Amino acid sequence: MARTPILSALVALALVAFGLNCAFVSGPRVAETQPLVSQSFLATAASSSVAALAAAAPAFAEEDPAEEYNRKVLTGASYVLILAFFLLGLIVAQARKVVENKWLN
């Protein structure tokens, strides 16, 4: 009696989930200590970081649509070129094996 693919997939997923749960060691426990930094310092640091982000807000403005399009095209072209170079490497490697085996003679 053959198992259904769904049942097999669920069993495999459960095994992977259980295996990942047991695969990692928990970190060491740290004893309670007094905070080294005062609360007023944290409040001051938080307010200064908010002020710095507010000053940098124009840098986070939306990009020009043409620039966004160019970035997408460049990203797509880079993916295609990486795949092309990978396939070219596979073709050259296989061609060298064929020639070494004197298959063409």
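1. Confidence in the chain is lowest in helix α2 (residues 39-55), with a mean of 67, and highest in α3, with a mean of 92. The score is pLDDT, the predictor's confidence in each residue, from 0 to 100. Over the chain, pLDDT averages 76, and 63% of the residues score at least 70.

2. This is a predicted model, in which local features need pLDDT of at least 70 and side-chain atom pairs count only at pLDDT 80 or more, while totals for chains, interfaces and linings use all residues. Residues are numbered from 1 along each chain as its sequence is written, and side-chain values use heavy atoms, with hydrogens and water left out.

3. Helices (H or I, at least four residues) and strands (E, at least two) are DSSP runs, numbered from the N terminus.

4. Helix α3 covers residues 65-100, which is 36 residues, and at 1.5 Å a residue it should span 52 Å; its end C-alpha atoms are 53 Å apart, which agrees. The expected span is 1.5 Å times one less than the number of residues. After α3 comes K102, whose phi is positive, near 55 degrees.

5. How many salt bridges does the structure hold? It holds one, between the side chains of K72 and E68, at 3.8 Å from N to O. A salt bridge here is a side-chain nitrogen of Lys or Arg within 4 Å of a carboxyl oxygen of Asp or Glu. Both K72 and E68 lie in helix α3, four residues apart, about one turn of the helix. An α-helix has 3.6 residues a turn, so residues three or four places apart point the same way.

6. K72 counts as exposed because its relative accessibility is 55%, whereas E68, at 32%, counts as partly exposed. The classes are buried (under 20% relative accessible area), exposed (over 50%) and partly exposed (in between), with a 1.4 Å probe and protein chains only. Of the 105 residues of the chain, 0% count as buried.

7. T75 is also in helix α3. A polar atom of the T75 side chain lies 2.8 Å from the backbone oxygen of R71. At 35% relative accessibility, T75 counts as partly exposed.

8. L81, F85, L88 and V92 make up a nonpolar patch on the surface, with about 410 Å² of accessible area together. Such a patch joins nonpolar side chains (Val, Leu, Ile, Met, Phe, Trp, Tyr) within 5 Å, from residues with over 30% relative accessible area and no salt bridge. L88 sits in helix α3 and, at 48% relative accessibility, counts as partly exposed.

Notes:
A polar contact is a pair of N or O atoms within 3.5 Å; within protein, one must be able to donate a hydrogen and the other to accept it, and residues adjacent in sequence count only if both atoms are side-chain atoms. Patches are made of residues with over 30% relative accessible area and no salt bridge: like charges are joined within 9 Å, nonpolar side chains (Val, Leu, Ile, Met, Phe, Trp, Tyr) within 5 Å. Accessible areas come from the Shrake-Rupley method with a 1.4 Å probe; for residues, only the protein chains shown count as cover.
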